[in-house]
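Open the model in your viewer and keep the sequence panel beside it. The tour below goes from stop to stop, saying what to select and what is there.

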Amino acid sequence: MAQDRMKLGFIGTGNMAGAIIGGIIKRKIFSPDQIIGSDISAAGRKKAEEAYGIEMTEDNLEAARRAEVLVLSVKPQYYAAAVEEIRDCIREDQLIITIAPGKTLSWLEEQFQKKVKIVRTMPNTPALVGEGMTAACANEYVTEEEKEYALKILGAFGKVELVPEHLIDAVVAVSGSSPAYVFLFIEAMADAAVAEGMPRQQAYGFAAQAVLGSAKMVLETGRHPGELKDMVCSPGGTTIEAVRVLEEKGFRSAVFEAMKACADVSRKL
């Protein structure tokens, strides 16, 4: 096997890593022959090779040694073990990108036990369709140029913004975990449409497109969500009656409390 240096390496090639790899290749930031991934699962290695045409290995150390930028995309509970395995071969000029709620920059630095350039990120699953929202923060060893380089990589599968680290738990609540809230909302709207007689697949399509279009209105018009809501609510009309019931049932409060609980758990991970 060739031992040449790769631009990008991944330890773990699950769904989120796949979204990143797919976006990077699609946008031609790197070509498949510049990317290496490691996965302990033979099925995972085969899937990544077939889907993206990248080089795969079962050896985490090989991926770590050969990558200029290394993405740690294992589950949070495996981070300590993964870092312990690779830390001796991590170089001072290497950029490490992490994807794990609860794993702070200071915790990561303690695990590596030496000076390491780390960019901590919090992406979300819409990255799988190129519409991710990623927050990033970096430790003191990462230069401005390296931050821009990391943002270019992370922007391959959606939008990305630098945030101060103390906001990462809020990011987990508002974008990292929130696709689940939106899917629940879409499912509930579709169920109600089915109850009104609409075929289920059609109901999912109507509900999902309504959410997509509404989100685009917020992003593209720059108007306050409340103003856009008011535009739909005619006096004495159907929409304001639906809004009245949502308010009566505590819709806003439920969302608020759910996100607070989400952020609290993120802080404790």
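The structure holds 15 salt bridges, and the model they are taken from is predicted. Side chains of opposite charge can pair when their charged atoms come close.

**Stop 1: salt bridges**

Select Lys7 and Glu68. Their side chains form a salt bridge, with 3.8 Å between the closest N and O atoms. The two residues belong to distant parts of the chain: Lys7 sits in strand β1 and Glu68 in strand β4, 61 residues apart. Is this pair buried or exposed? Glu68 is partly exposed, with a relative accessible area of 31%.

Next, select Glu144 and Lys147, another salt bridge, at 3.2 Å from N to O. Both residues lie in helix α6 (residues 144-154), three residues apart, which is about one turn of the helix. Glu144 is exposed because its relative accessible area, 55%, is over 50%.

Now select Lys216 and Glu220 in helix α9. Their side chains meet in a salt bridge of 3.7 Å, N to O. They are four residues apart in α9, so about one helical turn separates them. Lys216 is partly exposed, at 43% relative accessible area, while Glu220 counts as exposed, at 61%.

To finish this stop, select Glu55, Glu62 and Arg66 together; a network of salt bridges links these residues.

**Stop 2**

Select residues 67-72, which make up β4; five of its six residues are buried.

Five bridges join β1 to β4, and the two strands run parallel. To find the pairing by eye, look for Met6 in β1, which stands opposite Ala67 in β4.

**Stop 3: the pockets**

Rolling a probe the size of a water molecule over the atoms shows where empty space is left.

What is the volume of the largest pocket? It is about 2500 Å³. Select Val182, Phe185, Val211, Ser214 and Ala215, which are the closest to its centre among the 49 residues that line the largest pocket. Which helix gives the largest share of the lining? That is α9, with eleven residues. Other elements that supply at least two residues each include β7 (132-138), α8 (178-195) and α12 (251-268). Colour the lining of the largest pocket by class and you will find 33 nonpolar, nine polar and seven charged residues.

Move on to the second largest pocket, which has about 400 Å³ of space. Of its 17 lining residues, select the ones closest to the centre: Met16, Ile99, Pro101, Met122 and Thr125. Helix α1 (residues 15-26) gives the most to the lining of the second largest pocket, with three residues. By class, ten of the lining residues of this pocket are nonpolar, six are polar and one is charged.

Definitions and conventions: Residues are numbered from 1 along each chain as its sequence is written. This is a predicted model: local features need pLDDT of at least 70, side-chain atom pairs count only at pLDDT 80 or more; totals for chains, interfaces and linings use all residues. Side-chain values use heavy atoms; hydrogens and water are left out. On a 1 Å grid over the protein atoms alone, a cavity is a set of points where a 1.4 Å probe fits but cannot get out, and a pocket is an open set with protein on both sides within 12 Å along at least five of seven lines; lining residues have an atom within 4 Å of a point. Grid points are joined across faces, edges and corners, and a volume is the space filled by probe spheres set on the points. Ala, Val, Leu, Ile, Met, Phe, Trp, Tyr, Cys and Pro count as nonpolar, Asp, Glu, Lys and Arg as charged, and the others, Gly among them, as polar. Buried means under 20% relative accessible area, exposed over 50%, partly exposed in between (1.4 Å probe, protein chains only). Two strands pair if DSSP finds at least two bridges between them. A salt bridge is a side-chain nitrogen of Lys or Arg within 4 Å of a carboxyl oxygen of Asp or Glu.
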